[in-house]
Amino acid sequence: MPNIEEDYGMFVWPCSVILAEYVWQQRARFSGRKVVELGAGTSLPGLVAAKVGADVTLTDIAHNTEVLNNIRRICALNNASCAVSGLTWGDWDEPIFDLHPHIILGADVLYDSANFDNLFATVTFLLENSPGSVFITTYHNRSGHHLIEFLMVKWGLKCSKLLDGFSFLPSCKAASLQGNIQLVEIVLDKEKHK
C-alpha cells in the first residue's frame, strides 16, 4: 500500500493557492529578495515569488526524489530558474547552512503535529541565520490558533501578522476553495533571542 505522505507533495492544496495569491499581491516586497519555500511540493507560492523577481530556493523532504524531480520539471515548464534542494525539517545537513533567506514560505506545512517541532526548529534556525527575515505560512485552522501560539512561544518566535486566508483572496478564486485557512507572518521574538 502506498504511503499517502509521500504523495502530499504532488497536489496543489488550497493553502498553496492562498499563499501564492498573497505573494502576488505583495510582489514588490518579494522582488529582489532571497526566498526559501519549505515543503514546496508543487511549488506554487515559490514559483510566483520567482516570477515577480525573487531569488527562490524550493525545498522538500530530502529522500523524496519523486517530489524533488517534479519540482524541477515544474520550474522548467514555467521557465523559472529556482534552486531545488532536499531539506528535511530537523535534519542538520549541509544545505540548510547555505540558506540565508529574507522570506521563508510554507503552505500547509502544519498538517502533522509529529513534525511541528522539527519544522519550528528549522524555521527558527533560518530566522536566526538571516536577521530581519520572516516566515509566512498558510494553514488550515483545524484546532485553533492556540497550538501555533504555543509553538511560537516555545521556539522564541512571535506573530507579526495574522489574516483570514480568504480576506484578501478575490471572490472568483475563493469560490473554488474551502476551509478555515489562516495566513500568519512569524518573526523572531527579539526579547528571547538576545
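The structure is a predicted model, in which local features need pLDDT of at least 70 and side-chain atom pairs count only at pLDDT 80 or more, while totals for chains, interfaces and linings use all residues. Residues are numbered from 1 along each chain as its sequence is written, and side-chain values use heavy atoms, with hydrogens and water left out.

Leaving aside neighbours within four places in sequence, Asp189 is in contact with Gly156, Leu157 and Lys158, contact meaning heavy atoms within 4.5 Å.

Ser160 has its place in strand S6 (residues 157–164) and, at 45% relative accessibility, counts as partly exposed. With neighbours within four places in sequence again left aside, the contacts of Ser160 are Glu185, Ile186 and Val187.

Ser43 and Asn79 each have a positive phi although neither is a glycine, about 70 degrees for Ser43 and about 50 degrees for Asn79.

**Nonpolar cores**

A nonpolar core is a set of buried Ala, Val, Leu, Ile, Met, Phe, Trp, Tyr and Cys residues joined through side-chain atoms within 4.5 Å. The largest such core has 37 residues, and those with the most contacts inside it are Phe30, Val35, Val56, Ile71, Leu105 and Ile136. Among the elements that each supply at least two residues of this core are helix H2 (14–25), helix H4 (44–51), helix H5 (65–77) and strand S7 (181–188), and H2 gives the most, with 6 residues. Val35 touches Phe30, Ala49, Ala54, Asp55, Val56, Thr57, Ile103 and Leu105, not counting residues up to four places away in sequence.

**Helix packing**

Two packed helices are described by the angle between their axes and the distance between the axes. Here the axes are lines fitted to C-alpha atoms, for helices over the stretch in contact, and angles run from 0 to 180 degrees between N-to-C directions.

| Helix pair | Angle between axes | Axis distance |
|---|---|---|
| H2 and H4 | roughly 15 degrees | within 8 Å |
| H7 and H8 | about 50 degrees | 10 Å |

Angles under 35 degrees count as roughly parallel, over 145 as roughly antiparallel, 65 to 115 as roughly perpendicular and the rest as oblique. H2 and H4 are therefore roughly parallel to each other, and their contact is made by Ser16, Val17, Leu19, Ala20, Val23 and Trp24 of H2 with Leu44, Pro45, Val48 and Ala49 of H4.

H7 and H8, in turn, are therefore oblique to each other. In this pair, Phe116, Asp117 and Phe120 of H7 meet Leu147, Leu151, Met152 and Lys154 of H8.

How values were computed:
Helix = DSSP H or I, 4+ residues; strand = E, 2+ residues; numbered from the N terminus. Buried < 20%, exposed > 50% of the residue type's maximum accessible area, 1.4 Å probe, protein only.
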